[in-house]
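Subject: Structure handover

Dear colleague,

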Amino acid sequence: MPIPRHLRLRRFRHVPPTFHFAALRSMATIHRGDYATLTEDDVKHFATILASTSILSSLPPFNHPQSDLDSYNNDWMGKYKGHSKLVLKPKSTTEVSAVLKHCYERKLAVVPQGGNTGLVGSAVPANDEVILSLANMSKIRTFDPMSGIIVQKEGKSASCQKIIYVIDLPYSCQIGGNISTNAGGLRVLRYGSLHGSVLGLEVVLPNGEILDQLSTMRKDNTGYDLKQLFIGAEGTLGIVTAVSILCPPAPRAQQNLVLALPSYDKLPEVFKLAKTYLSEVLSAFELFDREAYDLVCHHTGKRGLDENEIGDSKFFVLIETSGGRAEHDEEKLSSLLETLYATATSPSPLINSGVLSQSTDQFASLWSLREGIPEAAGKTGKVYKYDISVPVREFMNVTNLVRNRLQERGLYRCGPSSQVSYVMGYGHVGDGNLHINVVANAYNQEIEKALEPFVFEVVQSHKGSISAEHGLGLQKTQHLHYSKSQVSRDWMRRVKLLFDDKGIMNPGKVVARETKPWQSLTAGTFAGAVEAFITYPTEFVKTRSQFDGNKVPKDGPIAIIRDTWAKHGPKGFYSGCTALVVGNAAKAGVRFVSYDKFKQMLADKDGRVSAPRSLVGAGMMEAILAVTPSETIKTKLIDDSKLPQPRFRGLIHGSACIVREEGLLGIYRGLFPVMMRQGANSAVRFTTYSTLKQFVQSNMRLREGVPLPSSVTFGVGAVAGLVTVYTTMPLDVIKTRMQSLKARSQYKNSFDCAYQTFVNDGITSFWRGTTPRLARLMVSSPMINS
């Protein structure tokens, strides 16, 4: 059936893609770990394995300029930069095995690298790892023309007539890198993912062993299918050195068309009609929004469709067919187009306009509208790229959320000071893969903090994936919890440990390095000590305010500050500080060490810990081991400091006196109100925050799962903190009085203390010290959350 004249594309020039990327780079921030440092002797050893032309090193005996390694250390977007001093380029599996065996024995970290065309920093060093480039391994070993199975070494694709790869291999990417990131490309709709088309792999394991699973059989049901573990593993389990892959015959006829849609709600019906009318010849169905279309047209200087016809179209789709006979495919396309154009006169047309390719050049020109988006974005500025999977119906909702987020932060379309010029959404409708590109003037922390983890939280709300086809790399590994449960992450870590017990393969990617207990303890102890020291004057004033009500000056905290300054100077505000610093350090240390253990013990089947469960976890443990002893000693030291002749000469002397006179129970006075306060802090804050958040979301009419704006979240958190302070102050006052010097003789227990406080000082005395406690909260919260 001939194609109607009004659907033919008359004039369209193809502009071949060219790439020029600026060199502004950001530093990787992954902790180096306890790997060995590369030495001159290591380089000399590698020289016994590889030819000198296969080694690039700034160390002796080669002494190449460090700049010669830049193209290997830096990613093509200019976003990540490593500091490797050695690049090895083996030519055989045997050489790869020998290199890895030495690295394993020496515990030298290794980064496998293919074409270095990734988007998330998977193939660049996080620090100074050895780069093992597979660029020299690109030969086809065998090709079976009957089955279409190729066995190829890792490296660039080599051409075989009359077959095509099931994935797209643009620019300088390599098949091994595609396998290691499970890249899909434009035609997953037709050919499926690599998990189905890869029949076998040859992999060199971290210790140098060669795992030969290079099968060419399409059916092999003999135990575990180990090759699947290496597809998408980003070189963290081993290095793929050869692959057998099933390749379909190259299509004898291909055509494509671009349609302009008036709105996104037309997409589901257009996609359904395309699948119905084109069925087996449909090979790609791509979507891009108006912002992406306009940028590409501006970049090329050409308009893809007639401006008078597309009008205010918001979205565009590119449909490709691949078949065995052009006439057959044209007939299917004509039927589809006639159906689509039949709606033009209806109140709700499916399309505004469309163009159909009539030649090879026009075919490429139409594809350039879609494939030219990354190039146009890269030439316009620095691009933040997010490769995610969400339900297709949410593609544009997710993109608009990102736009709104950046507008709220004053970064996008906010006048001349805007740092972001474009926010575009495009992707593969057939497999639910959305690409969001944010084009900025430069990479900076302000934009990154606005985008991350916001984008990943939105993905999580739709139960999607934070990485659809480009891996995790340096960008997303720390955000894996937005897509994988704790159980899944634990098993991924076990698999990693099983294959790579020394952790030398591509460290910092896919599986985050597990922090050792002593590192957690050091970090927690230091942070707790610093926070306690800086905020202690507010704690001192609060505690002085909470002693017997009739002893507190009428004008409250101000009088305490004035009196302390006059009698003791600045040092007076730090009476008992050492006890609290030590206690806070111990508390933070206990929290850091015990949190994960309690989380595993108390978590539900999804890995979450509810508020009630959290009360009996790390909070109670820190109250018993750290908070109560330090609070008791601190309170007694403050109480003692206001006497005309203080007895205690410091933390050690005061502690010794208390234990000598009252026994060990002396430093555990007030344990019950301390535990109640710690538990109430968690319960009240969690309940208030959750209730307020739900209330605000319902009043803002946000869809379920959509995150609140950051300013609103901050406000909800501030109100929750305020409610927590006022709710738990009575417990704090009882705790302070139970730990005073006279408590032993004055109160029978905490309940008696509460009763006497109410009878003697009135109900308002339960909120003494509220102002300085709020002041401490305002100072400490940014420190803790930064």
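The notes below go through a sheet, a pair of strands, and then some aromatic and charged side chains.

Please keep in mind that this is a predicted model, in which local features need pLDDT of at least 70 and side-chain atom pairs count only at pLDDT 80 or more, while totals for chains, interfaces and linings use all residues. Residues are numbered from 1 along each chain as its sequence is written, and side-chain values use heavy atoms, with hydrogens and water left out.

Helices (H or I, at least four residues) and strands (E, at least two) are DSSP runs numbered from the N terminus, and two strands pair if DSSP finds at least two bridges between them. With these terms, 4 strands form an open sheet of mixed pairing, in the order E2-E4-E6-E5. Strand E2 (55-57) and strand E5 (110-113) stand at its edges with a single partner strand each, so one side of each is left without a neighbour in the sheet. E5 and strand E6 (residues 130-133) run parallel and are joined by 4 bridges, and Val111 has Ile131 in E6 as its bridge partner. Helix H3 (residues 93-106) lies across strand E4 (86-88), E5 and E6, running at about 165° to E6; here axes are lines fitted to C-alpha atoms, for helices over the stretch in contact (heavy atoms within 4.5 Å), and angles run from 0 to 180 degrees between N-to-C directions.

Elsewhere, strand E9 (residues 198-204) runs antiparallel to E11, with 6 bridges joining them. Strand E11 (residues 239-246) is mostly covered, as 8 of its 8 residues are buried, where buried means under 20% relative accessible area, exposed over 50% and partly exposed in between (1.4 Å probe, protein chains only).

Turning to the rings, those of Phe, Tyr and Trp (its six-membered ring) pair if their centres lie within 6.5 Å, and planes under 30 degrees apart count as stacked, over 60 as edge-to-face and the rest as tilted. The count by this rule comes to 13 aromatic pairs. In one of them, Tyr264 and Phe315 have ring centres 5.2 Å apart and planes at 65°, so the pair is edge-to-face; both residues are buried.

Finally, a charge sits over a ring if NZ of Lys or CZ of Arg is within 6 Å of the ring centre and within 35 degrees of the ring normal. Arg494 lies over the face of Trp491, at 4.5 Å from the ring centre, and the charged end of Lys642 sits over the ring of Phe547, 5.3 Å from its centre.

Best wishes
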